[in-house]
Amino acid sequence: MAVKRSILILVVPHHLRPSLHGRRYPTMNEEANIAYISNVGADRLQPLFIVGCVLTSVFLDLAFFSERWLRHNGRLVPNVSLGEKILSILSMVFAIVGTVGLICLSIFKTGKYKVLHNLFLGLFIGGYLISAVFICSEYQRLGKKYREHRMLRLSFWVKLAFILVEFALIIAFGVLSRQKKRDPAAVLEWIISFIFTFYAVSFVIDLYPAVRTKSPDARYTKPYYVPSASATPNDVDSGNG
């Protein structure tokens, strides 16, 4: 009991512990002592909750699109294969799916729209997690081809850690929720949200190198395709092959 109380104090903000302070949210289950994020978002703070979700998702999506644009324009090390570009595009597509899920779950609050809320929660989690898998794969390939750029490897390991830890926590959250162990599940939900915040902030690692390539002379040149034996002289001159 003492251990559970200590975890509660460390992880969950004090105003979200009704068992300790007497505050209960209307959408909380009668047996629950810890508020879920959705319980807080469905209460008086819903307008602020919606704004927070919109800003979080929009800025995270901007990070994805900025990374693609900067890489395309030589501000970051360029992609050297079509596969890397496809992985980058897929990461943006699924990030948009996650954005739709996050914004909609904040609008369709739990209690009143429980089914829709859970559906959009799944879109949010699945969208951003799959997006992370694709961008992690892209950075793995980039790290192998640009071994001199240690930031690429650092970013890869950060994203891989996010995927593995979040996936494990989401599985545990689902199991606890299914078993109706609401308080441990609520604690895990808060932990998952904090880790997601760190993941969003980690894009600073990806975008920061662009600071050093503001000058056109400092930018990276796009790699040319190696011409095949059947390539014409015009193809070679234009960098196509």
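## Packing of H4 and H5

Helix H4 (residues 46-72) packs with H5 at an angle of about 175°, their axes lying 9 Å apart. Angles over 145 degrees count as roughly antiparallel, and H4 and H5 are therefore roughly antiparallel to each other. The model described here is predicted.

On the H4 side, the residues that meet H5 are Gln-46, Phe-49, Ile-50, Cys-53, Val-54, Ser-57, Asp-61, Phe-64, Phe-65, Glu-67 and Arg-68. By class, the residues of the H4 contact with H5 comprise 13 nonpolar, six polar and four charged.

## Packing of H6 and H7

For helix H6 (residues 114-145) and helix H7 (residues 150-178), the axes come within 9 Å and cross at roughly 150°. H6 and H7 are therefore roughly antiparallel to each other, and their crossing is left-handed.

H6 contributes Ile-125, Leu-129, Ala-132, Val-133, Ile-135, Cys-136, Tyr-139, Gln-140, Leu-142 and Gly-143 to this contact. From H7 come Leu-152, Ser-155, Phe-156, Lys-159, Leu-160, Phe-162, Ile-163, Glu-166, Phe-167 and Ile-170. The contact of H6 with H7 divides into 15 nonpolar, three polar and two charged residues.

## Packing of H7 and H8

H7 also packs with helix H8 (residues 182-201): the two axes come within 9 Å and cross at roughly 160°. H7 and H8 are therefore roughly antiparallel to each other, and H7 passes H8 in a left-handed crossing.

The H7 residues in this contact are Lys-159, Phe-162, Val-165, Glu-166, Leu-169, Ile-170, Ala-172, Phe-173, Leu-176 and Ser-177. H8 supplies Pro-184, Ala-185, Leu-188, Glu-189, Ile-191, Ile-192, Ile-195, Phe-196 and Tyr-199. The contact of H7 with H8 holds 15 nonpolar residues, one polar residue and three charged residues.

## Annotated transmembrane spans

An unreviewed UniProt entry lists residues 46-65, 86-109, 115-135, 156-176 and 188-211 under "transmembrane region".

In the model, residues 46-65 are 100% helix and 0% strand, with the end C-alpha atoms 28 Å apart. Residues 188-211 are 79% helix and 0% strand, and the end C-alpha atoms of that span lie 37 Å apart.

## Confidence of the model

The protein chain has a mean pLDDT of 81, and 83% of its residues reach 70 or more. Among the elements of the chain, helix H5 (residues 82-107) has the highest mean pLDDT, 93, whereas helix H10 (residues 233-238) has the lowest, 42.

Two stretches stay under 50 in pLDDT: residues 1-9 and residues 225-241. Beyond four places in sequence, the model has 10 contacts for residues 1-9 and eight for residues 225-241. Where pLDDT is low, predicted coordinates should not be read in detail.

Terms used: Residues numbered from 1 in each chain as written. Predicted model: local features only at pLDDT ≥ 70, side-chain atom pairs only at ≥ 80, totals over all residues. Heavy atoms only, no water. UniProt positions renumbered as here; feature names shortened; annotations may be inferred. Helix = DSSP H or I, 4+ residues; strand = E, 2+ residues; numbered from the N terminus. Axes fitted to C-alpha atoms, helices over the stretch in contact; angles between N-to-C directions. Parallel < 35°, antiparallel > 145°, perpendicular 65-115°, else oblique. Left-handed = near helix turned anticlockwise from the far one by under 90°. Contact = heavy atoms within 4.5 Å. Nonpolar A, V, L, I, M, F, W, Y, C, P; charged D, E, K, R; others polar. pLDDT = per-residue confidence, 0-100.
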